[in-house]
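Here is a short report on one protein model.

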Amino acid sequence: MNERFGKTPELRTSDSVQLLDTTLRDGEQAPGVSLTPAQKADIAQALDRAEVDYIEAGSACTGPGERETIKRVTSLGLDATVTSFARGVKNDVDLALDCDVDGITLVVPASDRHVESKVGTTREGVVETTDELVAYAKDHGLWVEVIGEDGSRAAPEFLESLARASHDAGADRFCFADTVGHTSPEHTYEVVSRLAELGPTSTHTHDDLGLAMANVHASLAAGADLVHTTVNGIGERAGNVALEEVAIALDHCYDVESVKLDELYALAQKVAQATGVALPPNKAVVGQNAFTHESGIHTDGTLKDDAMYEPYPPETVGRERRLVLGKHAGRAGVKAALDEHGVDATDEEVAAVVERVKELGDRGKRVTDADLLAFAEDVQGRERARQVELLDLTAASGGGTPTASVRLRVEGEERVASGTGSGPVDAAVKAVREALGPDADAQLDEYHVDAITGGTDAVVTVEVTMSLGDRSVTVAASHADITRASVQAMVNALDRLLAPNHTSPTPASADD
């Protein structure tokens, strides 16, 4: 029992809740999202590493390309049960069978709006069709979940009849679906309580009213034991309930297991990169700010006690705590940041650095590691020779393979290299790595465009976090050209990472 709250709220489930992730189907239906077969396979493997119980790999009825993608996922030998979305027609079940899936999520209309206007049938017709299709799918060895589409706007009595018929026909479970994010937790609890009395029950919620998570917990309290999710909450309109939020809330508040928590952040990053849907900084669990502290009071408290201003350790979900500097920074945070970079400073020097940090923060600027170290060098009267400096950059991407060439000065020695990539930024980064060689094999941990000004003279600010061994540094650079801003930020980060090591990086072309 979870003792953090004195009395643990009770769910009517066992000690574990299963998750069915539909990122590859419902998540891909988000506007502007289109995943390649390779990306879907990669995400499916990441979901399996996180020990997600069910993976909805797609909708076999969509077309030949989608079926080939589903087959690619089913061929991976995952531990998860791999399913296909199927409408209430026999051909959809056959197409799913052709993809060698383990099961189907069989979607049939539940509300009169869908029964009469969308499908053009009757309640009796829906029940009869469901009975036949469930029996057919079970005869072919499939795991079957019946989803009553638009169930939150269906007559509860009919939803019960549909669920009863599904279970009688052999369905493994029935799913309450708030298809348009319409309903309240109170209504959800009332309906799911009735459905759970009939057999295993799932819940599928959308976030149009900001109630997706609340409706999940209402469902679980009412007796549901499987939740449909998407990674990062991506999906149609306002999205689905987020897998990572469901998983950590179950663990932290109820001691209920669902997935492997320390895989959540890596999974979130993978999906964000594949879909092109960036994680909002204030996103729960996986957002950049979730374990980041700037306020002097919060930083001081966190340095004294990790749990002072955090509900659970960041390592729980595969993350690290970050202390950042800005207008709210205090001495404790600045000193800790300097210590992290191996800079010894007196109390007076720390105070002077704090003033400069606050001054930059007051101008609305993010204080990066490079800014902090420059302030410290100035306060202490130290001059630091650059280890790596960008002298020239040429990049081209029109009409063919994107290429780039760079000219760097590395500890006084000029080096020239070129590279190709998926775009000019990628090509330029590869050229920098080629020029520096294996001794400077730093890892690019984070890359994002921090700000873009408007107008024809728009300026892009690129921020990167790079690590080398056990050291990391965050640097920002601005320029009208995103490629130059990206390369300058990366070069400046490498300059800082290589500074403590006076061994010159070996160029890639040097003899062994």
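## Helix packing

Axes are lines fitted to C-alpha atoms, for helices over the stretch in contact, and angles run from 0 to 180 degrees between N-to-C directions. Helices (H or I, at least four residues) and strands (E, at least two) are DSSP runs, numbered from the N terminus. On that basis, the axes of α13 (residues 347-362) and α14 (residues 369-379) come within 9 Å. They cross at roughly 135 degrees. The two helices are therefore oblique to each other (under 35 degrees is roughly parallel, over 145 roughly antiparallel, 65 to 115 roughly perpendicular, the rest oblique).

The crossing of α13 past α14 is right-handed. Handedness follows the near helix: turned from the far one by less than a right angle, anticlockwise is left-handed and clockwise right-handed. Glu349, Ala352, Val353, Arg356, Val357 and Leu360 make the contact from α13. From α14 come Asp371, Leu372, Phe375, Ala376, Asp378 and Val379. Contact means heavy atoms within 4.5 Å.

## Basis of the model

The model is predicted: local features need pLDDT of at least 70, side-chain atom pairs count only at pLDDT 80 or more, and totals for chains, interfaces and linings use all residues. Residues are numbered from 1 along each chain as its sequence is written, and side-chain values use heavy atoms, with hydrogens and water left out.

## Aromatic rings

Rings of Phe, Tyr and Trp (its six-membered ring) pair if their centres lie within 6.5 Å; planes under 30 degrees apart are stacked, over 60 edge-to-face, the rest tilted. By this rule there are 2 aromatic pairs. One of them joins phenylalanine 291 and tyrosine 312 edge-to-face, at 5.5 Å centre to centre and 75 degrees between the planes. The pair links distant parts of the chain, 21 residues apart. Phenylalanine 291 sits in the loop between α10 (264-275) and β9 (292-293). Tyrosine 312 sits in the loop between α11 (296-304) and β10 (322-323).

Buried means under 20% relative accessible area, exposed over 50%, partly exposed in between (1.4 Å probe, protein chains only). Phenylalanine 291 is buried at 2%. Tyrosine 312 is buried at 13%.

Arginine 319 lies over the face of tyrosine 265, 4.3 Å from the ring centre. The rule needs NZ of Lys or CZ of Arg within 6 Å of the ring centre and within 35 degrees of the ring normal.

## Whole chain

The protein has 16 helices and 16 strands. Of its 512 residues, 50% count as buried. Among contacts with a separation of 6 or more, 66% join residues 24 or more positions apart.

Aspartate 251 lies in helix α9 (residues 243-254). Aspartate 251 is partly exposed, at 27% relative accessible area. Aspartate 251 and serine 16 are 235 residues apart in sequence, yet 9.3 Å apart in space, C-alpha to C-alpha.
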